[in-house]
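Q: I'm new to this one and would like a slow walk through it. Could you put it on screen before I start asking things?

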Amino acid sequence: MRYLIGRYHEIALKGRNQWRFVDQVKQNLRDIFGDYRLGNMRSVGPRLLVPLPDELGDETAAERAALIFGLQNFSLSYSTPRDIESISREAIKRATGSKARTFAVRTRREEKRFAMNSVDIDRAVGGEVQEALGFEVDLSAPELTISIEIMNDAAYVSAGKLPGAGGLPVGVTGRGMALLSGGIDSPVAAYRMMRRGLRLDFVHFHAHPLVSAASREKAAELAAHLTRWQVRSTLMLVPFGNLQREIVANTLRPLRVVLYRRFMLRIASALAERSQATVLVTGESLGQVASQTLENMAVIEKAAAFPVMRPLVGMDKNEIIDQARRLRTFETSILPDEDCCTLFVPAHPETRARIEEVEAAESRFDIPRMIDDAVRATEVERFWFPPRATRATTARASATQA
């Protein structure tokens, strides 16, 4: 029988609370494989064993398993009786068809009472594989590693381990609201916080119909992609152009960007409260643009009703781009658009805003009314992974109904 064997990452260090993290991994795994009927999961030491149905192909199983935060690595393993002849036969099956020229056998014994120790098993099975397939042994850098795990009910054999997503299972540390701009940085920030166990809703501020709908479309595509790691997501699309025009009409040019950002955090806070989120997440990186100086970030953050988390704050642009490429969000993020951040932007924005000056400028506005108008005009899109036939179309509703 074929199994997905996942090996825990930080979860293994959680002591008495480990059960809560393991339960969340199990739930997330069931959800990510929601269109297949999995067998009964069980934990064995630092491993999670999941029987896989025949109709689930290896490629799909590996792709889905790689999305599960909390697993350091995983393998698609086959169970066999706990005798060296059966283990050797299964190892030859797993290695047959491989294009590797060198190999090694690595054995772990959860069941220490097995007659042979790990080194003896490696040698015995390795000898059989070498004789049957002609591979050369390379213990330092093998092209193929045959993994054997001896447990109390059976031996499990696989053609190597695949890297997992690491981190903590989504949902175990709470819920947040991520500001998703459509650019390169914010999807990476969202991913990094999901990897720390935070389940996210997304909010995107746009200036449509004053500009094209391109930024909305990009945000939706990015939210759909990020949903692969957390199964379900909500994207809130906030029309921001009219609010910007009101700010422009009543504020000196240098402060406009700071005021835009403060209103965004106020609106995001209002939406976060409705979603039961307790933190906001942004893609800010210290010093990257005018609004992201130390002084401006401190002033902007004061408008938020919740803590603001900035997972990219110490990263440079090249580091962020590298991660965006690995996530496969980069190509979407660089598509041309007209987002609200480029609308009504002064040539020389303030880089060292003072809270007294900002609050004096904001005293001209009816802030509660402006926030309420923006929230009421917000559209909501919902995403699921894997896609479901009954939910093939994106759900839309006003934020007041969500």
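Q: How many cavities of 30 Å³ or more does a search of the whole structure find?

A: The search finds 1 cavity of 30 Å³ or more. Here a cavity is a set of points, on a 1 Å grid over the protein atoms alone, where a 1.4 Å probe fits but cannot get out; grid points are joined across faces, edges and corners, and a volume is the space filled by probe spheres set on the points. Please keep in mind that this is a predicted model, in which local features need pLDDT of at least 70 and side-chain atom pairs count only at pLDDT 80 or more, while totals for chains, interfaces and linings use all residues. Residues are numbered from 1 along each chain as its sequence is written, and side-chain values use heavy atoms, with hydrogens and water left out.

Q: Which residues line the largest cavity?

A: Its lining consists of Asn28, Ile32, Leu67, Ile68, Phe69, Val170 and Trp229, where a lining residue has an atom within 4 Å of a point. The volume of this largest cavity is about 30 Å³.

Q: And pockets: what volume does the second largest pocket have?

A: The second largest pocket has a volume of about 320 Å³. Of the 15 residues that line this pocket, Ala66, Tyr191, Trp229, Arg326 and Leu327 are the closest to its centre. A pocket, unlike a cavity, is an open set of points with protein on both sides within 12 Å along at least five of seven lines.

Q: Which helix gives the most to that lining?

A: Helix α10 gives the most, with 3 residues. Helices (H or I, at least four residues) and strands (E, at least two) are DSSP runs, numbered from the N terminus.

Q: Let's switch to helix α4. Why does its length agree with what a helix should span?

A: Helix α4 covers residues 118–133, and at 1.5 Å a residue its 16 residues should span 22 Å, which agrees with the 22 Å between its end C-alpha atoms. The expected span is 1.5 Å times one less than the number of residues.

Q: Which of its residues are buried?

A: The buried residues of α4 are Ile121, Val125, Gly126 and Val129. They cover an arc of only 120° around the axis, so they sit on the same side of α4; the arc is that of the directions from the helix axis to the C-beta atoms. On the other side of α4, Arg123 and Glu131 are exposed. Buried means under 20% relative accessible area, exposed over 50%, and partly exposed in between, with a 1.4 Å probe and protein chains only.

Q: What covers that buried side?

A: The cover includes α3 (84–95), β5 (102–109) and β7 (144–150), with contact taken as heavy atoms within 4.5 Å.

Q: What happens at the start of α4, and what comes just after it?

A: At the start, a side-chain oxygen of Asn117 comes to within 3.2 Å of the backbone nitrogen of Val119. Just after the helix, Gly134 has a positive phi of about 80°.

Q: New topic: is Arg7 buried or exposed?

A: Arg7, which is found in strand β1 (residues 2–8), is buried, with a relative accessible area of 8%. Not counting residues up to four places away in sequence, Arg7 touches several residues, among them Pro46, Gln72, Glu149 and Lys161. The side chains of Arg7 and Ser75 are joined by a polar contact of 2.8 Å. A polar contact is a pair of N or O atoms within 3.5 Å; within protein, one must be able to donate a hydrogen and the other to accept it, and residues adjacent in sequence count only if both atoms are side-chain atoms.

Q: Where is a cis peptide bond found?

A: One joins His208 and Pro209, with omega about 15°, and Pro209 lies in the loop between β11 (198–206) and α6 (214–226). The bond from Phe385 to Pro386 is also cis, with omega near -5°.

Q: Last one: what is the phi of Val231, and is Val231 buried or exposed?

A: Phi of Val231 is near 75°, a positive value in a residue other than glycine, and Val231 is buried, with a relative accessible area of 3%. Arg328 has a positive phi too, near 65°, but Arg328 is exposed, with a relative accessible area of 54%.
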